[in-house]
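Take a walk through this model, one region after another. Keep the sequence at hand.

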Amino acid sequence: DIRFIHTLHSVAENASGKKWQKSINRFFYKHGYITPVTISEKCRQSYVNYYGLPSPVSIDNGCEVPRKSIRFDEVVAEVESYKNNQDTPVFIHVARFHEQKNQKLLIDAFNELYRKEVDFVLLVIGDGFDRGAGAELKGRACEKIHFLGLKNNVADYLYCSDAFCLTSIYEGLPISLLEAMACGVVPICTNVVGIPDVVSEGRTGYLSELLIADYCRAIELFIKYRLNPEWVVEQFVDNFSMNNCAQRYIQVYSIRK
């Protein structure tokens, strides 16, 4: 009577493993031995197309609301020290250096804005920028981009930021994005896979194509038209809270074979 659930955290072709895994997955899905769950509308569509099977259960990712740490006041002072003035917008990127995360686009876009003398601060939190290609990218970043390395109090930095930047080539439904929204940080993301299922253009964030000029456009739109953080939090609470996610999984596990 044990129920087996397999959550696909990306589009089906990126979540199927290698070699024979696709055929193995399809066999277990088709015969009901394993119940697949996708995490966004785009992921659900990719499952139908990739496996040629009926539409699976789709449950949006969820997360808890991040909490400030006892070091929050220190972080406030740190972030303030990076700003030119009180109106300087603070952008944040949270991810390890990885080809999927496409940080080259991120740095190139902000370097271009720096050349245009746009006022900003970009905080980059994550590992991998002290070696190899990550270090090379860091080396050509402008002075307004601050690489902070790994942090165990990321929430403190989120609550000090105005916009969350994600420039990925592909994504499922990243928890880092949901955590940012829970903190009222407006997302500025590339328009890939599950992202548009979360970000409502011009209301809860801005979307961009995988082009430097277009990502710069999205950033400048945010600077010109500051969105209401309460709309972002409302979108999170209504759709992506951990409670919503958990309740829907409980329903799936409760279905008898």
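Is Glu117 buried or exposed? Glu117 counts as exposed, because its relative accessibility is 73% and the cut-off for exposed is over 50%. Keep in mind that this model is predicted. Glu117 sits in the loop between α4 and β5. Its backbone deserves a look too. Phi of Glu117 is near 65°, a positive value in a residue other than glycine.

Asn102 is not a glycine either, yet has a positive phi of about 55°. Its loop runs between β4 and α4. Asn102 has a relative accessible area of 17%, and buried means under 20%, so Asn102 is buried.

Now follow the chain back to strand β4, residues 90-94. This strand is mostly covered, with five of its five residues buried. The cover is on both faces. Val90, Ile92 and Val94 are buried on one side. Phe91 and His93 are buried on the other. A neighbour strand lies alongside. β4 pairs with strand β5, residues 121-125, in the parallel sense over five bridges. Within this pairing, His93 stands opposite Val124 in β5.

The largest nonpolar core has 65 residues. Among those with the most contacts inside it are Phe91, Ile92, Phe110, Phe120, Ile145, Phe164 and Tyr215. Helix α4, residues 103-115, gives the most to this core, with six residues. Not counting residues up to four places away in sequence, Phe120 touches Thr88, Pro89, Phe91, Phe110, Leu113, Tyr114, Cys142, Lys144 and Ile145.

Turn to the start of the chain. Three strands form an open sheet in the order β1-β2-β3, with parallel pairing. The edge strands are β1 (5-8) and β3 (57-58), and each pairs on one side only. β1 and strand β2, residues 35-38, pair over four bridges in the parallel sense. In β2, Val37 is the bridge partner of Thr7.

Ser10 lies in the loop between β1 and α1. How is Ser10 classed, buried or exposed? Ser10 counts as buried because its relative accessibility is 10%, and the limit for buried is under 20%. Leaving aside neighbours within four places in sequence, Ser10 is in contact with Ala15, Ile39, Cys43, Tyr170, Glu171 and Gly172.

Ser241 is in the loop between α9 (229-239) and α10 (242-254). Its relative accessibility is 13%, so Ser241 counts as buried. Beyond its neighbours within four places in sequence, Ser241 is in contact with Gly62, Cys63 and Phe236.

Trp20, Ile24, Phe27, Phe28 and Tyr33 make a nonpolar patch of about 570 Å². Phe27 belongs to helix α1, residues 21-30. Why can Phe27 count towards a patch? Patches are made of residues with over 30% relative accessible area, and Phe27 is partly exposed, with 44%.

Definitions and conventions:
Residues numbered from 1 in each chain as written. Predicted model: local features only at pLDDT ≥ 70, side-chain atom pairs only at ≥ 80, totals over all residues. Heavy atoms only, no water. Patch = residues over 30% accessible without salt bridge, like charges linked within 9 Å, V, L, I, M, F, W, Y side chains within 5 Å. Areas by Shrake-Rupley, 256 points an atom, 1.4 Å probe, with all protein chains shown as cover. Salt bridge = Lys/Arg side-chain N within 4 Å of Asp/Glu carboxyl O. Helix = DSSP H or I, 4+ residues; strand = E, 2+ residues; numbered from the N terminus. Buried < 20%, exposed > 50% of the residue type's maximum accessible area, 1.4 Å probe, protein only. Core = buried A, V, L, I, M, F, W, Y, C linked by side-chain atoms within 4.5 Å. Contact = heavy atoms within 4.5 Å. Pairing = 2+ DSSP bridges.
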